[in-house]
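These are my notebook entries on a single protein chain. I set down what I looked up, entry by entry.

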Amino acid sequence: MTTADGKQAVEEVFEQGTSFNDIINLYVLDRELRLFLLGPVEKIEIALRGKIISHIGNNSDRGDEGFQTIKLFARHHYNLTNNRNKRLYNNIVHKGRGEVVAYLKDAIRSEKNEDAKKGLQSDLEELQKLKDVDKIADVINEYSPYHIMHRISFGVLVNIFNILHQKYADAISQEFGFHTRPLRSVLSTLIEVRNACAHHEPIWFRSPKTMVFPREYYPEIYQDITKEMLADPSQLQDALPKQGLYVTCAAMHLLLNRISETTTWYARFKPLIYRFQFGMQSRMGFPRDWDELPFWRGPLPPMEE
């Protein structure tokens with residue numbers, strides 16, 4: 001079969017017995033899942049913003065004024081020992097400049113005093129002319145981190161976390177109940193999830209590109225793998241979650257419960273997932289009877305040392 005322009009058409013293959021109503025129902029469920037996941041990702045993003053500012057600010061010697069004097073883009077806060085981190089830092093500083101420029105433009109538009117407006121315009125022009133990254137950082141560090149942190153994207157925020165010095169990253173990770181390495185991976189995956197949800201991409205069968213959930217850190221999300229299962233690949237495949245949405249949701253479950261012990265997200269999440277047929281759940285990486293695992297039913301496991 002060819003298209004009107006002579007190219008070979010790609011034939012869609014549907015499972016036997018699939019009806020048009022099945023397709024519509026799956027589309028509707030996927031839309032509900034996208035809308036549902038956006039809320040928890042937002043909570044995690046807000047918590048991360050607060051923790052970054054808090055841990056950098058706690059190192060200020062200005063007491064109650066510490067928040068206003070935080071040098072968010074000071075080089076000594078970051079691990080710049082490799083070229084990748086240096087490139088990320090340069091990108092973060094330029095993004096920070098963009099947010100300060102936007103802030104100054106807003107301030108100029110709303111300022112009524114002409115002398116003050118001229119001062120803001122002068123600051124804006126000076127900032128826009130700068131090319132050296134360290135000089136840009138020096139200028140934008142004079143502004144309250146509030147003016148920057150509430151504007152920057154989740155992606156830039158995660159990049160900030162990714163190149164923070166280990167002492168900051170470890171302290172933040174500890175509060176989330178994670179080790180730093182898997183938390184960096186999980187946050188990168190949540191960027192993918194949020195972008196997919198915001199841009200109406202199908203989410204139910206999506207496998208994260210950046211995360212391999214570390215079983216050695218959190219084995220509780222997996223069913224026990226028995227010798228019988230190892231001898232029968234079909235049982236093993238059913239018992240072992242694949243690299244799908246399941247592991248992402250498990251990571252979100254950990255984060256949300258560390259942020260708030262009274263979260264009700266799981267009570268709403270479980271019935272939504274069970275509206276997907278089991279075959280669909282399996283493609284999402286959910287093992288059979290996943291909600292019976294101790295990880296989902298009882299107190300969250302402590303972080304292993």
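**Entry 1: E45.** I looked up E45 and found it buried, with a relative accessible area of 11%. Buried means under 20% relative accessible area, exposed over 50%, and partly exposed in between, with a 1.4 Å probe and protein chains only. I located E45 in helix α1. Helices (H or I, at least four residues) and strands (E, at least two) are DSSP runs, numbered from the N terminus. I noted a polar contact of 3.1 Å between the side chains of E45 and R194. A polar contact is a pair of N or O atoms within 3.5 Å; within protein, one must be able to donate a hydrogen and the other to accept it, and residues adjacent in sequence count only if both atoms are side-chain atoms. With neighbours within four places in sequence left aside, E45 touches F154, L157 and R194, where contact means heavy atoms within 4.5 Å.

**Entry 2: basis of the model.** I recorded that this is a predicted model, in which local features need pLDDT of at least 70, side-chain atom pairs count only at pLDDT 80 or more, and totals for chains, interfaces and linings use all residues. Residues are numbered from 1 along each chain as its sequence is written, and side-chain values use heavy atoms, with hydrogens and water left out.

**Entry 3: confidence.** pLDDT is the predictor's confidence in each residue, from 0 to 100. I read an average of 80 for the protein chain, with 77% of the residues scoring at least 70. Over residues 224-231 pLDDT stays under 50, and the model has ten contacts there beyond four places in sequence. Residues 235-240 also stay under 50, with 16 such contacts.

**Entry 4: F20.** Is F20 buried or exposed? I found F20 exposed, because its relative accessibility is 62%. F20 belongs to helix α1, which spans residues 20-57.

**Entry 5: N85.** I found N85 in helix α3, residues 83-110. N85 counts as buried because its relative accessibility is 5%. Apart from neighbours within four places in sequence, N85 is in contact with N79, L80 and I163. I also looked up N159, which lies 74 residues from N85 in sequence and 9.1 Å away in space, C-alpha to C-alpha.

**Entry 6: whole chain.** I counted 15 helices and zero strands in the protein chain. Of its 305 residues, 44% are buried. Among contacts between residues at least 6 apart in sequence, 69% join residues at least 24 apart.
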